[in-house]
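Have a go at each task before you read its solution.

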Amino acid sequence: MDGPLTMKKTPTTSWQVISAIKGLVSSYRITLLHLFRKPITEEYPEVKRTLPARTRGKIILTRSPDGEERCVACYLCSGVCPVSCISMEAAERENGRRYAPWFRINFARCIFCGLCEEACPTLAIQLTPDFEFCGTNILQFVYEKEDLLVSHGGKNKDYDFYQHCGIGGNSKKGKHDNEDEPINIRSNMP
Ligand code: SF4
Ligand code: SF4
């Protein structure tokens, strides 16, 4: 008597043989078709594709239209970064404008998720389509502020945080874009 684990052999039918041959012929047909197709290989790096502007590659720190650094060292990018690869120090200039004396990104840890760009209130930190940086020394992927800071505004050249924020960096209160004059709170009293 057969045990519960005994497998019964089923005879191979001619239909199964035909089906196997059809599968083989079908896959060889695809291979043959590709053999005579014009190759579409792009000769990178001689031929480079234009990547979309929103491609998430190397990170830059941009400047506002007046040429000043946009970064106000608020730590939002650093706080939101899932791999903690952004660090900086905050300081304030005499005119009340905040900045980062040093700002560091460790690209060896960065996963190019773009969360830092999403979190930045001043549009300072931006990801670019530049993905061409590689090397064998891991320390060369630690970028300092001098390596990150560019001389332009990146994706939104006209935005000036200090013209919107209401902080007395560039103008007095009430003089920024879309900002009302300060209210005399005594005028609200009965
Ligand atoms: S892209 Fe993502 S991982 Fe890279 S620095 Fe920004 S938040 Fe961090
Ligand atoms: S880059 Fe943007 S989010 Fe990061 S510290 Fe500077 S202003 Fe804040």
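**Exercise 1.** Find what L61 is in contact with, leaving aside its neighbours within four places in sequence.

*Solution.* Start with the rule: two residues are in contact if their C-beta atoms, placed from the backbone, lie within 7 Å. For L61 that gives E69, C71, F103, A124, I125, K145, L148, L149 and V150.

A quick note on what you're looking at: this is a predicted model, where local features need pLDDT of at least 70, side-chain atom pairs count only at pLDDT 80 or more, and totals for chains, interfaces and linings use all residues. Residues are numbered from 1 along each chain as its sequence is written, while chains are lettered from A and ligands numbered from 1 in the order in which they are written.

**Exercise 2.** Work out which residues have the most contacts inside the largest nonpolar core.

*Solution.* First, a nonpolar core is a set of buried Ala, Val, Leu, Ile, Met, Phe, Trp, Tyr and Cys residues joined through C-beta atoms within 7 Å. Buried means 20 or more other C-beta atoms within 10 Å of a residue's own; 12 or fewer is exposed, and in between is partly exposed. Next, the largest core has 20 residues, and L61, C71, C77, I86, I105, C116 and I125 have the most contacts inside it.

**Exercise 3.** Is E179 buried, exposed or partly exposed?

*Solution.* Count first: E179 has 14 other C-beta atoms within 10 Å, so this residue is partly exposed. Then look across to L76: E179 is 103 residues away in sequence and 24 Å away in space, C-alpha to C-alpha. L76 itself is one of the residues surrounding ligand 2, where near means a C-beta atom, placed from the backbone, within 6 Å.
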